[in-house]
Amino acid sequence: MSTPVPSSIEKPRYVAPPPLVYIEPSGKSNRDLPAQIDFDWLRQAYQHMSLIRALDKKAVALQRTGQMRTYPSCLGQEAVGIGTGMAMMDADVYVPYYRDQATLYLRGVQLKQILQLWGGDERGHLFDGAAKKDLPICVPIATQLTQAAGAAVALKSKGVKGAVVTSCGDGATSRGDFYEALNVAGLWQLPLVTVINNNQWAISVPRQMQSGTPTLAQKAVAAGIEGIQVDGNDVVAVFDAVNHALQKARSGKGPTLIEAITYRLGDHTTADDATRYRSASEVSDAWQREPIKRLQTWLHDHDAWDATREQSLHGEIKQQIERAVADYLAIEPAPVDDILRYQYADMTPALEQQRTWLLQRHGG
Amino acid sequence: MKYFKLPDLGEGLQEAEIVEWHIAQGDEVSEDQTILSVETAKAIVDLPAPQAGKIVKLFGQPGDIVHVGDPLLEYDAESDDSGTVVGEMSGPSDDNAVQEDDFIIGSAHDDADVPAPVRERSVFSGGTPLKGVQRVMAKNMSRAHAEVVSVSIHDDVDIHAWQSGEDPTMRLVRAIAAACLAEPGLNTWYDGERMAVKQHEHIDLGIAVDTPDGLFVPVLRDIAGRDRADLRKGLNALREAVNTRKIPPEEMRGATITLSNFGTMAGRYANPVIVPPMVAILGAGKIRRQAVATDDGIEAHRVLPLSLSFDHRCVSGGEAARFLAAVMKDLGQP
């Protein structure tokens, strides 16, 4: 077992500023919201987050009834994904990891496809819309970060105006890939925005046992790039930081690392049981800071939301989810030879032979 | 009729134990309402209703083990067959397909080649199904009995030279480490199917721990490479984890040899059972005083009875006897 870094170590010289927050956990705001944020924007963010939470809940229920494979819940982290997605433009490129359902949805990926992906059907990755040039979700930890840096090199060398956005968990920041990606991004001033979904848990490893650094954002300092820490449960703060980083990246002013502080309210995946390694009180405490409730309170306090709107939103969401689930369950299984079809443009004789055998044995 | 059958709740889990029903026969349930909690090898999981409807029958009581594909409940419905989850009942599931990858005491990391245990027909109806570690023990013992060619040798070691307050368990750990270095052939795994032996570099000692729930065998890693204080600390932590049931499955996998210190309770000799793919287990009986003829006459010395079982398919009697001699030589020292 590893142990937390002893508190007796010398204090680092770099002291990170407090995390950026506009809407506090209580639903109050102690500062003016950014200029481009209006009621419509906030209501949209609220609706998107509510939809993703409902999708997430349904996906877990589908897994529990044998209609879905292992699924990583994003419960409690909706603001990270929605705030990021709302700041992105079509010209940008998104390089997601496995807990990025919310951003994928805003990139134009259908809810049905998100279910299809986690249902074990890779055809869910045939993204359309803005997501058409985005990368597939990455399950290995942190490998997407170097790929994202590579994509940023491509954009830069082609002179494309967009930027690359990628994301990872807090655990990924301990991997070599994380530092490698950050290093080239800083060295070559790549148009790259890296968002850390710091949900405090890397499966069963808590944040304080993950790294001795006081903040993950300050890992940017060593790479010579800007690091920003935001309240990841405040969709406005996430949006503001990502928007700032994207504008910077698109105008050739280099990369940014954003640490969004949030909490994984669910299990790591449906194959995990978090009650075995963390306390109920920690989780109930985290529920006090979750992203949807605070935005709802803010909207209510500003007369921008009411019970009628809430009710009709829930009706719409229910229909949307029901349709997505029905569409997902109606998808015909992939043909058996799909397993061989995506490795070469032209199949090798050996693969062709296997394909013939497969089709004979399991039908076309 | 429509049935909801147990799905695979993890990644390749084959069975689950019913913990609690949250509904009763005759209830109307709504879609996604929590109906049942089950415990798999990995987690306690709440199962939602796959669809709304009236429940006419629940299969199984708390404590029952259900296999993937077994029915959990039956909906009141005419004939609709809507897929794998809520579908028509098929024939009995293929019991021989059951593979237990988790919680197999002392099993290898990769035991995919191990043949399925021989399954017997029940000779009486009813009874309480074994669960948890008891169930694991039953399966492992059946497999060991069917597979291993076990031979046991017994001896007493004179421990008169020990300091007072000496810790027998730690001495046994040390002695096994010394004997494995002397006779590495007993610190191996054997695959009977392929007739292949795998020599281990490290000695990872499975230590049998008795609990009210049954037998646990946590693994004390690398007993030759760690000092005594570290090993004692490690053993205490394992015992604590077992006693509080916080022990993760991986802490009970991968043992290369086993110690059963049953003498802390009673018993002199035994024929301890070797759990494949391991090839040896050392049993330690109750320490007693015995009259010993010395150069100075008859003296009362403390002796520790030992029982070594080895798998004669891949370990020779000579190797085993030399191993036991090495154990005794180390234990005989002050």
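Reader: Let's start with B:His200. Which residue does its side chain make a polar contact with?
Author: This is a predicted model, and in it B:His200 sits in the loop between β12 (196-199) and β13 (205-207) of chain B. Leaving out residues up to four places away in sequence, B:His200 touches B:Asn187, B:Thr188, B:Trp189 and B:Thr256. One of these takes part in a polar contact of 3.5 Å, side chain to side chain, with B:His200: B:Trp189.

Reader: And is B:His200 buried or exposed?
Author: The cut-off for buried is under 20% relative accessible area. B:His200 has a relative accessibility of 13%, so B:His200 counts as buried.

Reader: How far apart in space are B:His200 and B:Thr188, C-alpha to C-alpha?
Author: Along the sequence, twelve residues separate them. B:Thr188 is also among the residues that B:His200 touches. From C-alpha to C-alpha, the distance is 5.6 Å.

Reader: Over to B:Thr169. Which side chain does a polar contact join to that of B:Thr169?
Author: B:Thr169 belongs to helix α2 (residues 168-182) of chain B, and B:Thr169 is buried, at 10% relative accessible area. Beyond four places in sequence, B:Thr169 touches B:Leu235, B:Arg239 and B:Asn261. The polar contact spans 3.2 Å, and the partner is B:Asn261.

Reader: How far can I trust chain B? Over which residues does pLDDT stay under 50?
Author: Chain B has a mean pLDDT of 85, and 86% of its residues reach 70 or more. For the model, the scores are ipTM 0.72 and pTM 0.64. One stretch of chain B has 80 contacts beyond four places in sequence, yet its pLDDT stays under 50: residues 81-120.

Reader: Now chain A. Which side chain does A:Gln101 reach with a polar contact?
Author: A:Gln101 is part of helix α3 (residues 101-106) of chain A, and with a relative accessible area of 2% A:Gln101 is buried. Not counting residues up to four places away, A:Gln101 touches A:Ile52, A:Asp56, A:Tyr71, A:Pro72, A:Cys74 and A:Ile114. The polar contact, at 2.9 Å, is with the side chain of A:Tyr71.

Reader: What separates the C-alpha atoms of A:Gln101 and A:Glu78?
Author: These two residues are 23 residues apart along the chain. Their C-alpha atoms are separated by 8.8 Å.

Reader: Which residues of α10(A) are buried?
Author: Helix α10 of chain A covers residues 291-301. Its buried residues pack against α1 (39-64), α2 (78-87), β6 (226-231), α8 (235-250) and α11 (307-329) of chain A. The buried ones are A:Pro291, A:Ile292, A:Arg294, A:Leu295, A:Gln296, A:Trp298 and A:Leu299.

Reader: What happens at the ends of α10(A), and which residue with a positive phi follows?
Author: At the start of α10(A), a side-chain oxygen of A:Glu290 comes to within 2.9 Å of the backbone nitrogen of A:Ile292. After the helix there is a residue whose phi is positive, near 55°: A:Asp303.

Reader: Which element gives the most to the lining of the second largest cavity?
Author: The second largest cavity holds about 40 Å³ of space. Among its lining residues are A:Val80, A:Gly81, A:Thr84 and A:Tyr94. At least two lining residues come from each of α2 and β2 (164-169) of chain A. With three residues, the element that gives the most is α2(A).

Reader: Last one: where does the largest share of the lining of the second largest pocket come from?
Author: About 1,500 Å³ of space lies in that pocket. Two or more lining residues come from each of α1, α9 (280-287), α10 and α11 of chain A, and from β5 (44-48) of chain B. The lining counts 48 residues, with A:Asp56, A:Lys57, A:Lys58, A:Val60 and A:Ala61 nearest the centre of the pocket. The largest share, ten residues, comes from α1(A).

Terms used. Residues numbered from 1 in each chain as written. Chains lettered and ligands numbered in written order. Heavy atoms only, no water. pLDDT = per-residue confidence, 0-100. Contact = heavy atoms within 4.5 Å. Buried < 20%, exposed > 50% of the residue type's maximum accessible area, 1.4 Å probe, protein only. Helix = DSSP H or I, 4+ residues; strand = E, 2+ residues; numbered from the N terminus. Polar contact = N/O pair within 3.5 Å; in protein donor to acceptor, adjacent residues only side chain to side chain. 1 Å grid on protein atoms, 1.4 Å probe; cavity = no way out; pocket = protein on both sides within 12 Å on 5 of 7 lines; lining within 4 Å. Points joined across faces, edges and corners; volume = space filled by probe spheres on them.
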